[in-house]
Amino acid sequence: MPQRILSGVQSSGRLHLGNYYGAIREFVRLQEEGEALYFIANLHALTSVRDAALARQLTFETAVAFLALGVDPVKSTLFRQSDIPEITELYWILGSVVPISNLERAHSYRDKLENKGITNPEFGLFAYPVLMAADILLYDSDVVPVGKDQKQHLEFTRDWATKFNAQYVPGYDAQDPRGERSKRPGVFKLPVERIRDETAVVPGRDGQKMSKSYGNTIDLFAPDKEVEKQIKSVKTDSTPPDQPKPVENQPLYQLLKLVLPPEAFAAADQAWRTGGDPKTNGYGYFKNLLLEGYQQQFGPARKRYAELVNDPAEVERLLEAGAQKARGYAAPVIARVRAAVGL
Ligand code: ADP
Ligand code: TRP
């Protein structure tokens, strides 16, 4: 059986380099390796986007971004989360085995309360990991490529799937989740995360994790002028142009390493570490290098994006076909779940 690979990205804002190197690049690679399902998490996005027109627009733009960046709707299944009614059904059923204490200690939730100043959080935000677990379990996913920040969500998913299996499958052995010895397989398959270490956290312009909620992004599909402004505002220190520059905690250095092709980076690295000629060794020069690297790396995708944005009917057609395929994968799983709980 080919591995089933699943992941999603929330349509809660414009996509940035962190989303690409932390997630989408991996999606594109993995579609060659197995049965890949990728979706636009527009139900999750409702926890932060409160305007219908904007929610619709961001869902569309995120779909276009996936396609432009190389997610191939023939090789993989690309769909909108909200087109799968089984998702919200499973979300509820799963909720009946989820300990509230898990949700209370969820990093993503606590981070929103502690660092984003949310004082009266809504249920949707609290229950976010349950919907994510439903996303994963509904399609019998084996592998879930995500950024490091999502690791705990995958741990929860396995815990809750195990609890559900133990609750509803008599004779289920947690050491033997597929039931190879016991002949009592779980209702749910246990998925594993795939986190790529070298790009586990892409730094933003200020050196913190790049995130739309920190306002420190370099966007993938913003107009040229805006991208240029973003790249020019990457934080640097006060090392003079002719001096060797530190490589630790330097977002500009880390971004060059990600964006430039290896040979170009090797030359830049050399210049960075040696100092010397102020014209080619100052931070301004390295920012220009980053901008050129960005244009080279993302120019073709930006062009495809501009074309697809003007063809919403085609995008809609692809998404509807994707949803049909995804519901085909979901059907046997939801049937097992319903039978297990007595619906
Ligand atoms: P944001 O933090 O901007 O709200 P999301 O939470 O929507 O981004 O992230 C979507 C996907 O991109 C997730 O898989 C996440 O782990 C990945 N991702 C987002 N930002 C980064 C980053 N700075 N470095 C690595 N991966 C990231
Ligand atoms: N929570 C993920 C994020 O913020 C998005 C997401 C929703 C997801 N459901 C998922 C990722 C299922 C992987 C699998 O990035």
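Predicted model: local features only at pLDDT ≥ 70, side-chain atom pairs only at ≥ 80, totals over all residues.
**Entry 1: the domains.** I started with the domain assignment of the chain. Domain 1 covers 4–202 + 312–341, and domain 2 covers 222–305. I then looked up the spacing and found the C-alpha centres of domain 1 and domain 2 to be 34 Å apart. For the contact I noted 13 residues from domain 1 and 12 residues from domain 2.

**Entry 2: the buried area.** Next came the area. Between them, domain 1 and domain 2 bury about 1000 Å², and carbon and sulfur atoms carry 68% of that.

**Entry 3: polar links.** I went on to the charged and polar pairs. I have one salt bridge in the count between domain 1 and domain 2. I also looked up the salt bridge joining the side chains of Arg14 and Glu226, where N to O is 2.7 Å. The polar contacts between domain 1 and domain 2 come to three residue pairs, both residues at pLDDT 80 or more.

**Entry 4: the domain 1 side.** Last, I asked which helices each bring at least two residues to the side of domain 1 that touches domain 2. Helix H1 (17–30) and helix H3 (52–69) do. H3 gives the most to this side, with six residues. Sorted by class, the side of domain 1 that touches domain 2 holds nine nonpolar, two polar and two charged residues.

Conventions. Residues numbered from 1 in each chain as written. Chains lettered and ligands numbered in written order. Heavy atoms only, no water. Domains from an automatic or database assignment. Contact = heavy atoms within 4.5 Å. Buried area = accessible area lost by both parts, 1.4 Å probe. Salt bridge = Lys/Arg side-chain N within 4 Å of Asp/Glu carboxyl O. Polar contact = N/O pair within 3.5 Å; in protein donor to acceptor, adjacent residues only side chain to side chain. Helix = DSSP H or I, 4+ residues; strand = E, 2+ residues; numbered from the N terminus. Nonpolar A, V, L, I, M, F, W, Y, C, P; charged D, E, K, R; others polar.
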